[in-house]
Amino acid sequence: MSFATCLYVILGGALGSLARYAISVFALPISRDLPWGTIGINILGSFIIGFFGTLTLAQGRYPVSENLRLFVMVGFCGGFTTFSSFSLQTLDLIRGGAMLRAGANIVLSVALCVAAVALGHFIAARFNGDGVAIAQLAIEEEAGIADG
């Protein structure tokens with residue numbers, strides 16, 4: 001782990017966090033019953049990590065440096081996706097007695113995010129010679145678990 005690599009991850013995380021904040025503010029008017037901003041952010045982040053991870057593999061057609069992969073997959077996606085926000089909003093729904101909406105939030109978030117990462121992978125694999133991998137290093141897979 002070099003200083004330059006840390007800077008890539010830090011910068012990606014900062015940009016991902018800023019993008020998350022902007023989308024959350026934009027989505028406030030439609031988020032009265034469900035946290036649509038968080039759901040959308042997690043779907044988009046899942047698509048990005050599936051698409052970028054597959055498209056830019058070292059053995060594929062569009063390889064990029066490992067630092068750029070870490071910038072996007074660990075930094076940006078880690079700062080952008082919002083599993084901790086999702087968890088808090090779900091707990092608030094449960095505590096407020098909105099069990100059906102809490103369940104909808106869980107099902108929509110999990111199902112649509114898994115579908116989005118699969119779609120991103122599928123599309124990028126077509127561009128990238130039908131590759132099957134997404135991650136090259138174990139730390140890249142941790143990006144899908146990391147959250148802000």
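**Helix packing**

The model is a predicted one. I noted that the crossing of H1 past H3 is right-handed.

I then listed the residues that make this contact. H1 contributes Thr5, Tyr8, Val9, Leu11, Gly12, Gly13, Leu15, Gly16, Ser17, Ala19, Arg20 and Ile23. From H3 come Asn67, Leu70, Phe71, Val74, Gly75, Phe76, Gly79 and Phe80. Sorted by class, the contact of H1 with H3 holds 11 nonpolar, eight polar and one charged residues.

**Nonpolar core**

I next asked which residues form the largest nonpolar core. I found nine: Ile41, Ile49, Phe52, Phe71, Val72, Met73, Phe76, Cys77 and Phe80. H2 and helix H3 (66–80) are the elements that give two or more residues to this core. H3 supplies the largest share, six residues. As background, I recalled that nonpolar side chains in soluble globular proteins tend to be buried together.

**Salt bridge**

I searched the whole structure for salt bridges and found one. The bridge joins the side chains of Asp33 and Arg101, with an N to O distance of 3.5 Å. Its two partners belong to distant parts of the chain, 68 residues apart. Asp33 sits in the loop between helix H1 (3–27) and helix H2 (36–55), while Arg101 belongs to helix H5 (residues 99–127). I kept in mind that side chains of opposite charge can pair when their charged atoms come close.

Asp33 counts as exposed because its relative accessibility is 52%, and exposed means over 50%. Arg101 has a relative accessible area of 34%, and is therefore partly exposed.

**Thr38**

My last entry concerns Thr38, which is found in helix H2. Is Thr38 buried or exposed? Its relative accessible area is 7%, and the cut-off for buried is under 20%, so Thr38 is buried. I then looked up what Thr38 meets beyond its neighbours within four places in sequence, and recorded contacts with Thr82, Ser85, Phe86 and Gln89.

Terms used: Residues are numbered from 1 along each chain as its sequence is written. This is a predicted model: local features need pLDDT of at least 70, side-chain atom pairs count only at pLDDT 80 or more; totals for chains, interfaces and linings use all residues. Side-chain values use heavy atoms; hydrogens and water are left out. A salt bridge is a side-chain nitrogen of Lys or Arg within 4 Å of a carboxyl oxygen of Asp or Glu. Helices (H or I, at least four residues) and strands (E, at least two) are DSSP runs, numbered from the N terminus. Buried means under 20% relative accessible area, exposed over 50%, partly exposed in between (1.4 Å probe, protein chains only). A nonpolar core is a set of buried Ala, Val, Leu, Ile, Met, Phe, Trp, Tyr and Cys residues joined through side-chain atoms within 4.5 Å. A crossing is left-handed if the near helix is turned anticlockwise from the far one by less than a right angle, and right-handed if clockwise. Contact means heavy atoms within 4.5 Å. Ala, Val, Leu, Ile, Met, Phe, Trp, Tyr, Cys and Pro count as nonpolar, Asp, Glu, Lys and Arg as charged, and the others, Gly among them, as polar.
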